[in-house]
Amino acid sequence: MATVIIKRLAKSPFVLITVLVTLAAFSFTPRFPFKSFSNSLQQQRLFTAEELALYNGTDDTLPVLLGILGSVFDVTKGKSHYGVGGGYHHFSGRDASRAFVSGNFTGDGLTDSLRGLSSTEVKSIVEWREFYFRSYTFVGKLVGRYYDGEGNPTKSLKGVEAKAARGTQLLEKQKKEEAKQPSCNSRWSQGEGGEVWCDDGFPRLVRRPLEIALTGKMSKRCACFKEDQLSETG
């Protein structure tokens with residue numbers, strides 16, 4: 001009987017191909033970057049803060065994960081840096097987005113809140129997130145400030161990205177404005193001290209009006225003015 005069925009299958013190439021594909025599907029076992037962890041990743045790819053804390057590098061059987069702006073990355077390949085004793089271990093097992101620009105790696109500094117940060121600081125954190133997308137493996141999202149329980153972006157995340165985009169626009173505008181007025185040359189040596197000069201014109205300190213929007217602080221720069229422009233500097 002079995003012989004007859006096989007002969008019939010052989011005469012019908014389309015049926016035979018279907019059978020072979022089905023057998024191959026049953027015999028194929030997919031491989032994942034995380035052993036037991038891979039199954040839970042397939043099911044949800046969403047983390048609570050408590051779950052993420054388990055992957056802080058203290059358990060050698062688990063990968064090392066970190067979050068930034070709610071995106072979670074596997075940084076196990078950089079374990080010498082992100083594992084216990086590494087210089088970046090404070091980022092592991094949590095979302096410490098603020099610390100990427102504040103440099104405060106203790107207590108309240110290890111938070112995902114960006115409240116009070118300037119446009120350029122927020123822009124820098126978004127660029128750090130892009131660095132992790134390029135350099136490490138994205139494995140999921142952290143439910144909380146930046147993603148809801150369904151994995152959708154929250155108003156907070158959209159606000160952060162809008163502020164970073166605004167920072168980029170302001171920086172470009174500042175570069176164009178300042179290109180109209182050349183910057184001064186400067187040099188410093190321990191023996192002679194500092195010197196500022198212009199190849200064409202006179203050095204003057206001028207305010208950078210966009211700096212308040214960018215950094216939250218007013219600053220000045222040295223620019224070169226021709227003699228007939230000196231009255232414009234005040």
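1. Helix α7, which spans residues 119-135, packs against helix α8, residues 155-179, at an angle of about 110 degrees, and the axes of the two helices lie 8 Å apart. This is a predicted model, and the geometry given here should be read as that of the prediction. Since angles from 65 to 115 degrees count as roughly perpendicular, α7 and α8 are therefore roughly perpendicular to each other. The handedness of the crossing between α7 and α8 is left-handed.

2. As to the residues that make this packing, α7 contributes S119, T120, V122, K123, V126 and R129, which meet L157, V160, E161, K163, A164, G167, T168 and L171 of α8. By class, the residues of the contact of α7 with α8 comprise 6 nonpolar, 4 polar and 4 charged.

3. A residue in the loop between α6 (99-102) and α7 also deserves a comment, namely S113. Because its relative accessible area is 17%, and buried means under 20%, S113 is classed as buried. When its neighbours within four places in sequence are left aside, S113 is in contact with R98 and R145.

4. Within helix α8 itself, one may look at G159, for which the relative accessibility of 38% means that the residue counts as partly exposed. The C-alpha atom of G159 is separated by 9.8 Å from that of Y146, and the two residues are 13 residues apart along the chain.

Terms used:
Residues are numbered from 1 along each chain as its sequence is written. This is a predicted model: local features need pLDDT of at least 70, side-chain atom pairs count only at pLDDT 80 or more; totals for chains, interfaces and linings use all residues. Side-chain values use heavy atoms; hydrogens and water are left out. Axes are lines fitted to C-alpha atoms, for helices over the stretch in contact, and angles run from 0 to 180 degrees between N-to-C directions. Helices (H or I, at least four residues) and strands (E, at least two) are DSSP runs, numbered from the N terminus. Angles under 35 degrees count as roughly parallel, over 145 as roughly antiparallel, 65 to 115 as roughly perpendicular and the rest as oblique. A crossing is left-handed if the near helix is turned anticlockwise from the far one by less than a right angle, and right-handed if clockwise. Contact means heavy atoms within 4.5 Å. Ala, Val, Leu, Ile, Met, Phe, Trp, Tyr, Cys and Pro count as nonpolar, Asp, Glu, Lys and Arg as charged, and the others, Gly among them, as polar. Buried means under 20% relative accessible area, exposed over 50%, partly exposed in between (1.4 Å probe, protein chains only).
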